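Let's walk through this model together, one region at a time. Have the sequence and the coordinates open side by side as you read.

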Amino acid sequence: MTPGKAYTYTVNPGLRTREGGILLKPISGSLHTRGAVVVTKKTPVGSELSQAKQLISFTFDQPVDKESAQRSFSVSSGTVASYTWVDTTMTVAVTNLGHQRTVTASIAPGVKNAEFGLPSTKPFSTSFTTEARVTLLSVPHYRQQHAATCAVASLRMILAYRGITADEMTIVDKIGYAPTVMDKSTDPGTWDDPMQMFVGSVDGSIKDGTGAGPDAPPVAKAAQSLGRSASAVTGISASWIAQQLHDGNPVIMFGAYGNKEGYIDWKTHSGGTARMHITSHATAVVGVKGNPEAPLGFWVQDPLTNG
């Protein structure tokens with residue numbers, strides 16, 4: 001008989017049994033010989049699977065030549081550690097697949113039958129994604145102690161992470177503090193420069209022109225004066241923040257609660273201009289989920305909340 005072929009048969013009337021019976025009508029039927037090797041089950045599937053090790057299995061519909069099956073196997077990421085077999089199921093242990101990857105394991109055509117039959121004629125595959133890389137730094141949480149000290153409290157958290165204890169007013173003094181209110185007799189008003197110092201009072205309000213706090217450069221200067229290297233960086237991306245966190249460096253993020261309220265502009269005493277959003281706020285970014293090139297999300301500690 002030929003593999004992968006359909007045959008028909010007929011048993012004609014007149015056939016007798018040992019007990020003396022006789023076949024009165026013809027019996028017809030068909031049969032199919034074993035065809036090409038196919039895969040009937042494959043695992044794993046899903047997302048957020050361990051990147052350290054996965055057991056990838058393919059179950060064949062018939063006994064196959066194990067060496068040809070193993071030669072036909074490939075995987076898009078990771079290192080093949082071993083092959084094991086249980087009946088017609090081949091399990092491949094693959095290690096170090098990498099974080100946040102879509103992994104495809106494949107069986108190429110040409111897997112040979114171990115006995116009677118035809119080799120596989122089409123590919124089979126299974127795909128899954130590995131877990132995202134997670135870095136969460138052990139940064140303590142502190143609430144801000146004054147209305148305008150969100151950046152100060154954020155720096156206080158990060159300094160504590162680095163083993164440096166400082167209270168808010170010590171940090172405020174290092175930033176530069178000589179509280180005044182906005183002079184609204186000019187248009188726009190005149191006030192201090194947040195790129196140089198803490199503007200207004202720690203208990204003031206930017207909307208009222210009594211307290212705006214600092215921008216990034218004087219906060220970085222305060223960190224340096226307290227014994228830590230720091231820099232003020234603008235135009236950053238989510239990938240940049242993610243890389244800093246994976247490198248063990250928390251980030252103070254300057255932003256705002258929303259964009260509906262608008263901005264306040266003023267002139268500085270040196271002749272420059274300053275602009276801040278009415279809902280300006282600073283937080284400490286302390287963790288990230290995802291690779292630096294494709295972060296999925298961040299952990300942020302807000303000094304206005306309890307953690």
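This is a predicted model: local features need pLDDT of at least 70, side-chain atom pairs count only at pLDDT 80 or more; totals for chains, interfaces and linings use all residues.

The lining of the second largest pocket is made up of 15 nonpolar, nine polar and two charged residues. Altogether 26 residues line the second largest pocket, and the ones nearest its centre are Cys 150, Ala 212, Met 276, Ser 280 and His 281. Two or more lining residues come from each of α2, β14 (211-213), β15, β17 (273-277) and β18 (280-289). The space in this second largest pocket comes to about 470 Å³.

Now turn to the largest pocket, with its volume of about 730 Å³. Which residues lie nearest its centre? Look for Ser 231, Ala 232, Pro 250, Val 251 and Ile 252, which belong to a lining of 28 residues. Here the elements that supply two or more residues are α2 (150-161), α4 (216-225), α5 (238-246) and β15 (251-256). Among these, α4 gives the most, with five residues. By class, the lining of the largest pocket holds 19 nonpolar, six polar and three charged residues.

You will find Leu 31 in strand β2, which spans residues 27-32. Is Leu 31 buried, partly exposed or exposed? Leu 31 counts as partly exposed because its relative accessibility is 34%, and the partly exposed class lies between under 20% for buried and over 50% for exposed.

Notes. Residues are numbered from 1 along each chain as its sequence is written. Side-chain values use heavy atoms; hydrogens and water are left out. Helices (H or I, at least four residues) and strands (E, at least two) are DSSP runs, numbered from the N terminus. Buried means under 20% relative accessible area, exposed over 50%, partly exposed in between (1.4 Å probe, protein chains only). On a 1 Å grid over the protein atoms alone, a cavity is a set of points where a 1.4 Å probe fits but cannot get out, and a pocket is an open set with protein on both sides within 12 Å along at least five of seven lines; lining residues have an atom within 4 Å of a point. Grid points are joined across faces, edges and corners, and a volume is the space filled by probe spheres set on the points. Ala, Val, Leu, Ile, Met, Phe, Trp, Tyr, Cys and Pro count as nonpolar, Asp, Glu, Lys and Arg as charged, and the others, Gly among them, as polar.
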